[in-house]
Amino acid sequence: MWPARGVRLAGSNWFLAEFVHRTARAIVIHRFVGVRKDRGHFRHTANMRSETPARNTSSRNNPATSVIAIPSATASDGSGISFRIRGIYSRADLRALGVGEWRQIGKLLNEERLTRISRGWYASPEADPDIVALFRNGLRPGCVTVCQLHGLWVPPGSGLHAIYRDRQTSDIKQLQSSRSDVVLHRVSSFPKGQLISLAEALAHVVECCDSETALIILESAVNHRMISLAQAQEISEQGKKGNRGIAKHLRAGAQSGSESRVRYFFQKNQVIVENQVLINEVGWVDLLVGEKLIIEFDSDAHHSARIDYLNDRNRDKAAIAAGYLVVRLSYPQIWYEWEETQEFLMELVRKNKHREKSASERGVGA
């Protein structure tokens with residue numbers, strides 16, 4: 001392959017032969033026995049050829065290499081529910097999409113379709129900036145924020161909840177300095193995937209939040225059929241002392257956090273109230289307080305269409321004709337004018353507007 005050491009070439013001196021010998025040897029070594037660094041170890045590239053799968057020549061036409069779109073996967077909480085955070089990807093996620101090679105990831109980074117947010121984690125443009133901030137600071141979503149990511153009803157102003165491990169003080173201080181609504185939960189270790197399980201998040205909720213917030217979120221989980229009513233009651237009993245009494249107030253069928261909040265208000269004041277009641281000639285109503293007070297909830301999400309508006313008003317007319325008092329509460333009245341709304345509702349109770357009048361009160365037999 002190369003001249004033997006010390007052999008003289010015809011017409012050349014010994015030094016020329018030695019030069020040719022060394023040069024040829026260097027070229028062959030570089031060509032066949034080159035080394036590369038991979039994951040912190042040096043391996044011979046010649047030996048790696050059998051370990052590396054053949055390149056797919058059709059990858060240029062593979063949509064997965066040009067569009068970041070991962071189906072729902074991983075993060076199971078044991079109840080059969082799987083979930084992933086939109087726009088957040090681990091290296092394993094990208095590999096599952098067929099874009100796990102460094103050159104492919106580098107291309108997406110250069111095209112700004114991916115951003116490296118922390119070691120082993122990437123975000124696409126559709127990712128929630130708040131969630132990206134958590135990963136960037138070495139944290140993970142927790143408690144109420146995980147419930148919100150699962151689509152559960154969460155009261156406005158609940159803050160950004162995150163979990164952190166011991167010895168992460170610098171990461172915590174950095175995040176807290178940038179925003180004031182961060183609520184932190186210390187854990188011994190992070191989940192293998194993106195999120196703690198929903199069961200863990202609900203356990204955080206009953207330990208961290210006030211009784212009203214805990215009740216709202218648990219009832220939303222029941223309504224979404226993620227847990228049963230019995231499971232919600234069991235979880236509430238495992239929370240902090242102030243939340244252990246909400247088990248008796250939990251109900252199935254609550255359609256929104258607004259409904260849960262108003263019903264819980266009456267329950268705490270020992271006023272009889274039922275949710276989702278079917279009344280003849282009226283239909284289903286959100287709350288029936290006592291025997292005669294109907295409370296319905298209007299929101300932009302559920303009552304914005306004109307046909308819904310007209311149907312609601314027709315139902316109100318039928319209820320009034322049947323002797324009921326109908327009160328409609330808006331989202332702002334429940335969440336931003338709550339003090340005034342509570343006073344208004346209690347005034348109705350004090351005047352017995354929720355009760356069927358007795359014969360003597362109606363003047364019968366007088």
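Arg-261 touches Glu-212, Ile-216, Ile-334, Trp-335 and Trp-338, leaving aside residues up to four places away in sequence; a contact here means heavy atoms within 4.5 Å. The model is predicted, so to speak of local features requires pLDDT of at least 70, while side-chain atom pairs count only at pLDDT 80 or more and totals for chains, interfaces and linings use all residues. Residues are numbered from 1 along each chain as its sequence is written, and side-chain values use heavy atoms, with hydrogens and water left out.

**Arg-261 and the chain as a whole**

- Arg-261 is found in helix 11; helices (H or I, at least four residues) and strands (E, at least two) are DSSP runs, numbered from the N terminus.
- Arg-261 counts as buried because its relative accessibility is 11%; buried means under 20% relative accessible area, exposed over 50%, and partly exposed in between, with a 1.4 Å probe and protein chains only.
- The protein chain has 14 helices and 12 strands, and buried residues make up 42% of its 366 residues.
- Among contacts between residues at least 6 apart in sequence, 53% join residues at least 24 apart.

**Helix 9**

- The 13 residues of helix 9 (residues 211-223) should span 18 Å at 1.5 Å a residue, and the end C-alpha atoms are 18 Å apart, which agrees; the expected span is 1.5 Å times one less than the number of residues.
- Helix 9 is mostly covered, with 12 of its 13 residues buried, among them Glu-212, Ile-216 and Leu-218.
- The buried residues of helix 9 pack against helix 6 (143-149), helix 8 (198-208), helix 10 (229-237), helix 11 (257-268), helix 13 (331-335) and helix 14 (338-350).
- At the N-terminal end, Asp-210 caps helix 9 through a side-chain oxygen that lies 3.1 Å from the backbone nitrogen of Glu-212.
- Arg-225, whose phi is positive, near 60°, follows helix 9.

**Nonpolar cores**

- In soluble globular proteins, nonpolar side chains tend to be buried together.
- The largest nonpolar core has 47 residues, and Ile-88, Leu-202 and Leu-218 have the most contacts inside it; such a core is a set of buried Ala, Val, Leu, Ile, Met, Phe, Trp, Tyr and Cys residues joined through side-chain atoms within 4.5 Å.
- Helix 9 supplies the largest share of this core, 6 residues.
- Apart from this core lies another, of 20 residues, including Val-271, Leu-293, Ile-295 and Trp-335.
- Leu-218 touches Leu-202, Val-206, Ile-227, Ala-232, Ile-235, Ser-236, Ile-246 and Leu-250, not counting residues up to four places away in sequence.

**Ala-123 in strand 5**

- Ala-123 is found in strand 5 (residues 121-123) and is buried, with a relative accessible area of 4%.
- Beyond residues up to four places away in sequence, Ala-123 touches Gly-87, Ile-88, Arg-113, Leu-114, Thr-115, Ile-117 and Val-132.
- The C-alpha atoms of Ala-123 and Ser-90 are separated by 8.8 Å, although these residues are 33 residues apart along the chain.

**Aromatic rings**

- The structure holds 7 aromatic pairs; rings of Phe, Tyr and Trp (its six-membered ring) pair if their centres lie within 6.5 Å, and planes under 30 degrees apart count as stacked, over 60 as edge-to-face and the rest as tilted.
- The pair of Phe-265 and Phe-266 is edge-to-face, because the ring centres are 5.4 Å apart and the planes lie at 65°.
- Phe-265 and Phe-266 are both buried.
- Trp-153, Tyr-331, Trp-335 and Tyr-336 form one aromatic cluster.

How values were computed. Polar contact = N/O pair within 3.5 Å; in protein donor to acceptor, adjacent residues only side chain to side chain.
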